[in-house]
Amino acid sequence: MKKELHIFFTSLMFYTRIPCPKNIDHHPDYLNKATRYFPLIGWIVGSISFLAFYLFSLFLSVETAVIFALIISVLITGAFHEDGFADVCDGFGGGWTKEKILIIMKDSAIGAYGAIGLVLLFLLKFKLLSESVSLFKGDNSIAFFQVFILFVSAHALSRLAAISIIFTHEYSRDDASSKSKPIAKNHSWKEVFGSFFFGLLPLFVFSYFQHKFLLALIPVFITRFFLARYFQKWIDGYTGDCLGATQQVCEVVYYLSILLIWKFI
């Protein structure tokens, strides 16, 4: 149990800026195992993001509350995944060979592709999340719980989609230049089981209210499939930035899927 807590806090330290015990570091062995808790981190980020939304919605509009929820989620993670998304936009937008793409993605400076990508990403998040939240109208506890599960399931499932890439593809870089390299070395059934358990459970709870919401799995994992194939085609695998980009894109696809399922199915 003590070891599992150490692994969990390693995951919490690596993927968020939430304070952790002083004895927690980025030990490669624990980072390997920390992938099993990546979707669980989505529970935490989604819960805090929802709390911010709820508190601000008490005296501000839904749209403004959503903006504050997005701000809080960025602060919690340190824009970890958004940064990966921007780097992928710059790398694949400006590079035409594997080497060039990897060099651009490693550059800490943000380019035009990355800046434009982030603007469009947050516009989509804001609009889709605002519309998704509005689906569950009412001041009763069930409505608030559904919105809460919407937040948590979006963060958990998108992280599952991202981390599952390491189970099926190889790490792209040949050197140890990326801090994400340790999570790419190996994984056991515990990492696979833990990722899928924590990644899918919130959606299953969400589907208790609307069974059709389970259909959101299809577009999310179709998106994951094509992104992974795209990365494989251009850089022979994935990097940490690719995982961050996958998480962000799949989160947006999830909100869009919930809206379309609600309106047309």
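At what angle do the axes of helix 3 and helix 8 cross? You're looking at a predicted model: local features need pLDDT of at least 70, side-chain atom pairs count only at pLDDT 80 or more, and totals for chains, interfaces and linings use all residues. Residues are numbered from 1 along each chain as its sequence is written, and side-chain values use heavy atoms, with hydrogens and water left out.

**Stop 1: helix 3 against helix 8**

Select residues 38-57 for helix 3 and 141-163 for helix 8. Helices here are DSSP runs (H or I, at least four residues), numbered from the N terminus. The two axes cross at roughly 145 degrees and come within 8 Å. Those axes are lines fitted to C-alpha atoms over the stretch in contact, with angles running from 0 to 180 degrees between N-to-C directions. The crossing is right-handed, the term for a near helix turned clockwise from the far one by less than a right angle.

Now show side chains. On the helix 3 side, the residues that meet helix 8 include F38, W43, F50, F53 and Y54; on the helix 8 side, look for F144, F148, F151, H155 and R159, among others. Contact means heavy atoms within 4.5 Å. Colour the residues of this contact by type and you get 17 nonpolar, five polar and one charged. Nonpolar covers Ala, Val, Leu, Ile, Met, Phe, Trp, Tyr, Cys and Pro; charged covers Asp, Glu, Lys and Arg; the others, Gly among them, are polar.

**Stop 2: A79**

Move to the loop between helix 4 (62-77) and helix 5, where you'll find A79. Most residues other than glycine have a negative phi. A79 has a positive one, near 55 degrees. Its relative accessibility is 24%, so A79 counts as partly exposed (buried is under 20% relative accessible area, exposed over 50%, partly exposed in between, with a 1.4 Å probe and protein chains only).

**Stop 3: L214**

Next, pick L214, in the loop between helix 10 (189-207) and helix 11. L214 is partly exposed, at 31% relative accessibility. Beyond neighbours within four places in sequence, L214 touches L203, F204 and S207.

**Stop 4: helix 11 and its end**

Select 217-235. The 19 residues of helix 11 should span 27 Å at 1.5 Å a residue, and the end C-alpha atoms are 26 Å apart, which agrees. (The expected span is 1.5 Å times one less than the number of residues.) Which residues of helix 11 are buried? They are V220, T223, R224, L227, A228, F231 and I235. These cover an arc of only 130 degrees around the axis, so they sit on the same side of helix 11; the arc is that of the directions from the helix axis to the C-beta atoms. Helices 5, 6, 8, 9 and 12 are among what covers them.

Step just past the end of helix 11 to D236, which takes a positive phi of about 60 degrees. D236 belongs to the loop between helix 11 and helix 12 and is partly exposed, at 42% relative accessibility.

**Stop 5: helix 12**

Finish with residues 240-264, helix 12. Its 25 residues should span 36 Å, and the end C-alpha atoms are 36 Å apart, which agrees. Helix 12 is mostly covered, with 19 of its 25 residues buried. Zoom in on E251, in this helix: E251 is buried, with a relative accessible area of 2%. Leaving aside neighbours within four places in sequence, E251 is in contact with K125, A154, H155 and S158.

Terms used
Helices (H or I, at least four residues) and strands (E, at least two) are DSSP runs, numbered from the N terminus. The expected span of a helix is 1.5 Å times one less than its number of residues.
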